[in-house]
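Hi,

Here is the structure I promised to pass on to you. Below it you will find my notes on what turned up, written for someone opening it for the first time.

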Amino acid sequence: IPDSTVRLNNLRAGGLDILERMNPSDAPQVKNDDSVQFMPVSGLGFQEVFFNVGNGARAESSPFKDARVRKALELSLDRNVINEVVGGGIFEPAGQPFPPASPYHDKQVPPSQRDVAKARELLKEAGLDKVKAEFAFGNNTTTSAIAEMIQAMAAEAGFELSLRPTEYAALLNEARAGNFEMLMRGWSGRVDPDGNVYQFVTCKGTLNDGRYCNPEVDNLLNEARVTPDETARRALYQKAQALRQKDVHNFYLYYQPWPFVLSKKVQGFTAYPDGMVRLKGVTLAK
C-alpha cells in the first residue's frame, strides 16, 4: 500500500497489524490516538545539506567557496522548527553523522543553534551583504517542505535561495556531475560508523560529490578503519569531526526516523534503529 495515509486507515480499521514509514505529518494525531501504539525511533541515517566546494566550474563560481558563508547558512536555520513543523516531532535534530544509537555518537557535538545575528556578521566578514544561490533537493512532499522552510529562514540572514526540486535519481546524477551549489540528500545509515562518514568526506570518497578534501581528515578516518579498540577509534572520529566542523563542507539536519505504528493486538514488539522488523517474541492478542 504505497500511500501512508491509506496504510494508517487500514491499520485503524483492523486490516493491518504493523505500519512502518508513517508520514511524519500524521505523527501529531497518532501520538494522541489511544486505539494504536506509536513507536518511533531515530534511525541510523541522516538528512544532510552539503556544498559544492571543489567539483567543477560551479564550485569556483559559488558563494559557498568561502567557509564563512557556509557557516552563516547553517546558523540561519532552526532544526527544532523543522522537526516540529515538517517532522511532526520525530525528526530529531542532528549535528553529526553518528546517530544517538551509535557508541560513536559524541554528546559534546550538539546541533548548532540558530543565530541570525552571527550569520549576518559572518557574511559581513566575507564582504557580502546578500548571497544568491541555488538549492537542489529531491522532489517529494517532505523535502520540498523542508527546502521552503530553509529558504525562508535563510532569507532572514541575507540569503536569496532559488529552489531546484529534482527527481531523486536525476538529482544524484547532477550531484556527481557537480551541477549544484548546495544540495540536500538523505542516507539510510550503517551500523558501523565508517559507513556513515568515510565515503562522503574523504578526498576520493565515492559519495563525496562536493569534492571536499582535507588530507588530515583522510588520515584520521583511514586510521579509524584499522583500529579495533572502540575508545581509540572514537577519539579518531572526534578529531576528524572537529576538523570537518571547522571546514563546514556540510551540515546535518536530522536523523532519519523509523515511525512504527502498531495495532493494540501486537505485543512484544521493539523498534530498532536499523528499521528492520524483528518478530521474535512478538505475539498477537486474541
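S4 touches L19, R21, M22, N23 and D26 (contact means heavy atoms within 4.5 Å), leaving out residues up to four places away in sequence. You will find S4 in helix α1, residues 4-13; helices are DSSP runs of H or I with at least four residues, strands are runs of E with at least two, and both are numbered from the N terminus. With a relative accessible area of 11%, S4 is buried (buried is under 20% relative accessible area, exposed over 50% and partly exposed in between, with a 1.4 Å probe and protein chains only). Between S4 and S35, 31 residues apart in sequence, the C-alpha to C-alpha distance is 17 Å.

Before you read on, please keep in mind that this is a predicted model, in which local features need pLDDT of at least 70 and side-chain atom pairs count only at pLDDT 80 or more, while totals for chains, interfaces and linings use all residues. Residues are numbered from 1 along each chain as its sequence is written, and side-chain values use heavy atoms, with hydrogens and water left out.

Next, have a look at D78. This residue sits in the loop between α4 (67-75) and α5 (79-85), and its relative accessibility of 22% makes D78 partly exposed. Setting aside neighbours within four places in sequence, D78 is in contact with R114 and M153. D78 and R114 are 36 residues apart along the chain, yet their C-alpha atoms are separated by 5.2 Å.

α4 also has a helix partner. It packs against helix α6 (residues 116-125) at an angle of about 165°, and the two axes are 8 Å apart (axes are lines fitted to C-alpha atoms, for helices over the stretch in contact, and angles run from 0 to 180 degrees between N-to-C directions). That makes α4 roughly antiparallel to α6; the term covers angles over 145 degrees, while those under 35 count as roughly parallel, 65 to 115 as roughly perpendicular and the rest as oblique. The crossing of α4 and α6 is left-handed, meaning that the near helix is turned anticlockwise from the far one by less than a right angle, whereas clockwise would be right-handed. On the α4 side the residues are R68, V69, K71, A72 and L75, and they meet V116, K118, A119, L122, L123 and E125 of α6. Sorted by class, this contact of α4 with α6 has seven nonpolar, no polar and four charged residues (Ala, Val, Leu, Ile, Met, Phe, Trp, Tyr, Cys and Pro count as nonpolar, Asp, Glu, Lys and Arg as charged, and the others, Gly among them, as polar).

α9 passes α10 in a left-handed crossing. From α9 the contact draws on D194, V197, Y198 and V201, and from α10 on V217, D218, L221, N222 and R225. Five nonpolar, one polar and three charged residues make up the contact of α9 with α10. D194 is worth a click: it is buried at 14% relative accessibility, and apart from residues up to four places away in sequence it touches R225, R233 and Y237.

α10 packs against helix α11 (residues 230-247) as well, at an angle of about 160° and with the axes 9 Å apart. α10 is therefore roughly antiparallel to α11, and α10 passes α11 in a left-handed crossing.

How many disulfides are there? The count comes to one, taking a disulfide as a pair of cysteine sulfur atoms within 2.5 Å. It joins C203 to C213, with an S to S distance of 1.9 Å. The torsion about the S-S bond of C203 and C213 is about 85°, so the disulfide is right-handed. Both C203 and C213 lie in the loop between α9 (194-201) and α10 (215-225), so the pair ties together parts that are ten residues apart in sequence. C213 is partly exposed, at 44% relative accessible area.

Two backbone details to finish. R211, in the loop between α9 and α10, has a positive phi of about 55° although it is not a glycine. V248 has a positive phi of about 50° and is not a glycine either; V248 lies in the loop between α11 and β6 (250-263) and is buried at 4% relative accessibility.

Best wishes
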